[in-house]
Amino acid sequence: MKVLLFTDSGIDDTFALLYALLHPQINVIGVVADYGNVSRDRAIRNTQYILSLVGQEDIPIISGASRPILGDEPVYYPYVHGVEGFGSIIPQQQPKVLYNFNSIFTLITESSEPVTIINIGRLTSLSVAFLLHPEILNLVQNIYIMGGAFLVPGNVTPYAEANIFADPTAASIVFNNASPLSIRLFPLNVTEKALFSPEIVQSISQHTTEPIGQFLMNSFQYYYTYYQRQRPNLNGAPLHDLVAVNAVVNPQFYKYIQRNVQIIDSSPLGKGITIADLRDRPNIVPTQNDFSFIVLDMDYQKFIQDVHLTFSSYFQSIN
Ligand code: BDR
Ligand code: CA
């Protein structure tokens, strides 16, 4: 499956990107690096670092958005992901040639098979792509998005999730221009269930190379410490973005409902709220074409086993 990944290169993004790079059924044809958890420049450098860790530097890195679509100053999250995006790790990377934004369209039109988009950061770049060339974006098979929260607390405000909150205008543009049935939305309802403990990360790391294992454990420790401070009763730290990537190749692990999704993009307290009518009503017709797929539950055990297997099989195969 050919995948174009949009990322803001924090710690859960990194686990997600590595999983995609190592999975035998996923062929990452490009990575769009965006502002979000860190600045765009750091996201570019971090992406470059991850590609170099697994020897896949030939994958195009596309320079994405540097701020929200209305031009506001971006807000970063150093206490969750570290100033550099990898906890306390500072990757040393020489800048390499970047691909310009138009490469998104070339990658989609020149692909030998329909491309799947996975968006695990803010939706700014994806919204701009829709504004520039909706006809090309509509060639995309499916769009997997980590974002939103439905009738559960948010993680940046009491009601809103970070990827939607940072640029709700962009999120609305994506939802209004994409074919709704192509969207698979992974809100906090499900991604918060994807809990990793230091023991799980250590057991995954043991099956990788030493630099990758050290990198996974150190960056995760920073993220885990943040979650322990914030929510001491949580049995681990949720790797939100990994869920959306895992679902691309394991749809059977996930339960979804089909509903129309709306986003509030004004009002200070309402900013970034995602709304869907979740009432159990017989008159809701799931085939209605303004409905998207909202994923609300997952098989946690199968998810963890699969992540473990993906990492260990890859490193066994190259030894
Ligand atoms: C999302 O926000 C970011 O901090 C994470 O990387 C994830 O994409 C979770 O709300
Ligand atoms: Ca992210």
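By class, the shell around ligand 1 comprises three nonpolar, five polar and five charged residues, where Asp, Glu, Lys and Arg count as charged, Ala, Val, Leu, Ile, Met, Phe, Trp, Tyr, Cys and Pro as nonpolar, and the others, Gly among them, as polar. The model is predicted, with local features requiring pLDDT of at least 70 and side-chain atom pairs pLDDT 80 or more, whereas totals for chains, interfaces and linings use all residues. Residues are numbered from 1 along each chain as its sequence is written, chains are lettered from A and ligands numbered from 1 in the order in which they are written, and side-chain values use heavy atoms, without hydrogens and water.

Among the 13 residues around ligand 1, Asp12, Asn37, Asn155, Glu161 and Asp241 come nearest (a residue is near if one of its heavy atoms lies within 4 Å). Helices α1 (11–22), α7 (162–165) and α12 (240–249) each contribute at least two residues to this shell; helices are DSSP runs (H or I, at least four residues) and strands likewise (E, at least two). Oxygen atoms of ligand 1 lie 2.6 Å from a polar side-chain atom of Asp12 and 2.7 Å from a side-chain N or O atom of Asn37.

Ile120 lies in the loop between β4 (115–119) and α5 (124–132) and Asp241 in helix α12, so the pair ties together parts 121 residues apart in sequence.

Methods. Polar contact = N/O pair within 3.5 Å; in protein donor to acceptor, adjacent residues only side chain to side chain.
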